[in-house]
Amino acid sequence: MRVLRTPFHIIRTELRPYLLLNAMAYGLLLLGVALGMLFPGLNAALSNSMDAGGTTDLVVSLLATPWLFALTIFFVNIVKVALASILLPSMIVPFGGLAVFAYFTVETGITLAPVDHAAAMTLIPHSLTMLIEFQAYILLLLGSFILGRCWLKPGTVDAANRRWGYLRGLQRFGWLALPALMLLIIGAVYEAFSLTYLVPLLFAS
């Protein structure tokens, strides 16, 4: 099936940057977690910001309807991360999505830091969520890297000029976005149902 065969071919061809992006993404996430544990005030500031912005209230209100919760998570991940943090910056500045995503990742790690018992218990099932969703983001980061390289060095894809290199880079980004989309769907469903059912069971036990 071409929908999966082409993206996997791109990953095999770009295996070195793909592995380096994995190390970068998970490394920055762990750095954020460490910063959140070392400096609890950072975690508290981000948590207070989420409370003030209504994010916490929205999550609580959606716990009663996990499928709607999953849809909301998927929408946020697509708009806030995939589009606003990776694709759009990369379309404006070569490799711009990598820099914006790096900031987002450290901030996410700080927010998830197990600064108390409740946060630590929640992090147990949520770790799988981050593993799934970050694999989707890493595919998009690889697309961002390829787009930037094709844009600056069109000869790497046999493009006549930077305009055609840019378009071919976008095409490869689109192919990598297909499995990323599938992973984001899986991640959103798991996150919604784990927060609705698994986390309460952990606290009950």
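This is a predicted model: local features need pLDDT of at least 70, side-chain atom pairs count only at pLDDT 80 or more; totals for chains, interfaces and linings use all residues.
The packing of two helices, H7 and H8, is considered first. Helix H7 comprises residues 117–152, and helix H8 comprises residues 162–204. The two pack at an angle of about 175°, and their axes are 7 Å apart. Because angles over 145 degrees count as roughly antiparallel, H7 and H8 are therefore assigned to that class. Sorted by residue class, the contact of H7 with H8 contains 33 nonpolar residues, together with ten polar and four charged ones.

At its N-terminal end, H7 is capped by Asp116. In this cap, a side-chain oxygen of Asp116 lies 3.3 Å from the backbone nitrogen of Ala118.

The partners are Glu14 and Arg149, whose closest N and O atoms are 2.4 Å apart. The pair joins distant parts of the chain, the two residues being 135 residues apart. Glu14 is found in the loop between helix H1 (2–13) and helix H2 (15–38), whereas Arg149 belongs to helix H7. In general, side chains of opposite charge can pair when their charged atoms come close. With regard to accessibility, Glu14 has a relative accessible area of 11% and is therefore classed as buried, since buried means under 20%. Arg149, with a relative accessible area of 23%, is partly exposed.

Leu4 lies in helix H1 and counts as partly exposed, at 29% relative accessibility. Leu4 and Leu176 are separated by 172 residues in sequence, yet their C-alpha atoms are 8.9 Å apart in space. Pro7 is likewise placed in helix H1, but its relative accessibility is 1%, so that Pro7 counts as buried. The C-alpha atoms of Pro7 and Pro179 are separated by 7.4 Å, although these residues are 172 residues apart along the chain. Another pair is formed by Pro40 and Phe173, which are 133 residues apart in sequence and 37 Å apart in space, C-alpha to C-alpha. Pro40 lies in helix H3, which spans residues 40–52, and is partly exposed with a relative accessible area of 45%.

Backbone geometry was also considered in two loops. Most residues other than glycine have a negative phi. Phe95 has a positive phi, near 65°, and is a residue other than glycine. Phe95 is placed in the loop between helix H5 (66–92) and helix H6 (96–112). The relative accessible area of Phe95 is 28%, which makes this residue partly exposed. A positive phi, near 55°, is also found for Asp158, again a residue other than glycine. Asp158 occupies the loop between H7 and H8, the two helices whose packing angle is about 175°. With a relative accessible area of 69%, Asp158 is exposed, because the exposed class begins over 50%.

Technical notes
Residues are numbered from 1 along each chain as its sequence is written. Side-chain values use heavy atoms; hydrogens and water are left out. Axes are lines fitted to C-alpha atoms, for helices over the stretch in contact, and angles run from 0 to 180 degrees between N-to-C directions. Helices (H or I, at least four residues) and strands (E, at least two) are DSSP runs, numbered from the N terminus. Angles under 35 degrees count as roughly parallel, over 145 as roughly antiparallel, 65 to 115 as roughly perpendicular and the rest as oblique. Ala, Val, Leu, Ile, Met, Phe, Trp, Tyr, Cys and Pro count as nonpolar, Asp, Glu, Lys and Arg as charged, and the others, Gly among them, as polar. A polar contact is a pair of N or O atoms within 3.5 Å; within protein, one must be able to donate a hydrogen and the other to accept it, and residues adjacent in sequence count only if both atoms are side-chain atoms. A salt bridge is a side-chain nitrogen of Lys or Arg within 4 Å of a carboxyl oxygen of Asp or Glu. Buried means under 20% relative accessible area, exposed over 50%, partly exposed in between (1.4 Å probe, protein chains only).
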